[in-house]
Amino acid sequence: MLTPKDVKTIEDAKQVVEERQLSHVKVGLFDVDGVMLGKYMSRNKFFSALENGFSFCDVILGWDSKDKLYDNGKYTGWHTGYPDTSVRILPETCRNLVFEENQLLFMAEFSGEAEKLCPRALLRRVVNKADAMGFDVYAALEYEFFMFDETPDTIRSKGYRDLKPMTPDFFGYSIIRNTVHADLYHQILNMSESMDFPIEGLHAETGPGVIEAALAVDKATEAGDKAALFKTFMKVLAQRNNKLATFMAKWSPDYPGQSGHIHLSLRFKNGRESAFYDPTMNHSMSKIQRHFVAGQQKLMPEFLAMVSPTVNSFSRLIPGYWAPTDATWGVENRTTALRVIPGNEKSQRVEYRLGSADSNPYLALAAALGSGLYGIEHELEPYPEIRGNSYTQPHQPELALPQTLWEAAARLRKSKAAQTLFGEPFVEHFAASREWEEREFRRHVTDWELDRYFEII
């Protein structure tokens with residue numbers, strides 16, 4: 001019998017469904033916010049969709065994470081009548097569903113005109129660019145997330161106040177915490193193996209209820225799949241344990257924000273040796289890695305909306321909380337936005353530390369990789385590396401990052417590099433969606449404003 005990892009072709013997908021005698025199969029895809037949407041599909045419908053694709057209402061490209069319709073979208077809206085758009089199933093993404101006995105999950109991508117807006121297809125196009133330049137791309141993502149002794153109902157009944165974290169106080173890397181909660185930790189590890197997004201490291205982070213998971217390295221497109229699936233099913237696992245996991249960039253002003261760091265490396269396709277490692281150079285950084293880091297540094301302010309995609313993302317980007325504040329780089333320096341990690345032929349890489357946990361993994365990866373490839377193409381050189389505490393040092397004005405989502409969206413919209421790398425349709429659509437997000441925020445009055453102004457002003 002075929003295992004999910006054996007499935008590569010349409011015929012393989014049909015065979016594994018028949019061998020399991022499934023009447024229905026689950027199919028899902030990711031929207032611009034990184035939210036997984038999908039449905040159960042009957043076996044006959046699934047077999048037909050494997051061959052011919054299927055249709056999905058394109059409203060999923062025209063609403064936000066709360067199902068509110070954009071009023072500024074060009075691709076779809078009331079002006080188009082929200083027609084169906086085409087979707088293709090990806091046989092090679094077959095996975096077990098750990099919480100549904102004998103059931104399978106297949107991932108899908110938008111196709112046709114909608115492919116220009118599809119996050120997974122966007123990453124695939126950038127990876128194809130790397131391939132054309134002679135590189136294989138390897139990536140690994142790591143996430144911090146807070147776990148609460150709450151449910152979707154209790155957080156709403158409490159108005160998101162006085163929430164109870166799974167564990168109290170600050171206790172990073174605690175053996176006590178991960179032993180007391182060993183059952184939950186093992187559920188996470190078992191799920192990650194069964195669903196093929198293996199975890200390389202899992203530990204308690206500093207802060208009440210914080211856990212960090214470092215996913216294993218893989219080819220970049222597959223790494224994007226694994227990160228997106230990990231975020232989705234980590235939330236599922238938490239709720240099945242009457243807990244709740246949040247990947248918000250910063251849920252409380254009292255605690256550090258939550259990162260979604262990206263580790264990237266390039267290998268030459270011919271011979272497959274590292275394109276980043278050169279033992280004769282300072283820090284073992286090859287010329288290609290220097291150009292790659294320079295491109296990431298130069299385009300970071302223009303691509304920030306793809307990496308920090310919510311209003312809340314910008315609450316994390318403040319000094320002293322392990323998040324970068326400018327487009328800086330350093331060697332083994334966790335105060336900079338880019339951390340070059342010297343190593344050997346297998347381990348030389350760069351960590352894109354700007355990423356936050358709330359980002360869409362496909363878009364964050366596309367931004368981090370695309371900007372690096374831009375640097376190689378244009379043979380850019382980075383600014384001098386930062387030594388010591390980056391937060392206390394002055395930096396060049398051009399390294400300053402946008403301070404709001406609105407500003408970040410405007411920078412992305414105007415970026416010629418973004419339009420070249422990602423295509424004008426995607427840039428227009430995503431920038432408009434981020435402007436919508438900021439406008440939705442501006443419609444609300446925060447507790448801070450009430451406390452600040454209600455009585456006194």
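## Briefing on the chain

Helix α3, which covers residues 119-132, has 14 residues and reaches 20 Å from its first C-alpha to its last, close to the 20 Å expected at 1.5 Å a residue. The model described here is a predicted one, and every value below was computed from it.

- The buried residues of α3 are Pro-119, Arg-120, Ala-121, Leu-122, Leu-123, Val-126, Val-127 and Ala-130.
- As background to such a list, an α-helix has 3.6 residues a turn, so residues three or four places apart point the same way.
- Asp-131 also lies in helix α3, and this residue counts as partly exposed because its relative accessibility is 37%, a value that falls between the 20% limit for buried and the 50% limit for exposed.
- Although Asp-131 and Phe-268 are 137 residues apart in sequence, their C-alpha atoms are 9.2 Å apart in space.
- Just after α3, Gly-134 takes a positive phi of about 95 degrees.

- Just after α1, a positive phi of about 55 degrees is found at Gln-21.

**The chain as a whole**

- The chain holds 14 helices and 14 strands.
- Its radius of gyration is 22 Å, close to the 23 Å that the globule rule gives for 457 residues, so the chain is as compact as a globular protein of that length.
- Along its principal axes, the C-alpha trace of the chain spans about 65 × 65 × 55 Å.
- When contacts between residues at least 6 apart in sequence are considered, 70% of them join residues at least 24 apart.

**Burial, surface and charge**

- Of the 457 residues in the chain, 57% count as buried.
- The chain exposes about 20100 Å², and carbon and sulfur atoms supply 51% of that area.

Terms used:
Residues numbered from 1 in each chain as written. Predicted model: local features only at pLDDT ≥ 70, side-chain atom pairs only at ≥ 80, totals over all residues. Heavy atoms only, no water. Helix = DSSP H or I, 4+ residues; strand = E, 2+ residues; numbered from the N terminus. Rg over C-alpha atoms; globule rule 2.2 N^0.38 Å. Buried < 20%, exposed > 50% of the residue type's maximum accessible area, 1.4 Å probe, protein only. Contact = heavy atoms within 4.5 Å. Areas by Shrake-Rupley, 256 points an atom, 1.4 Å probe, with all protein chains shown as cover. Expected span 1.5 Å × (residues − 1).
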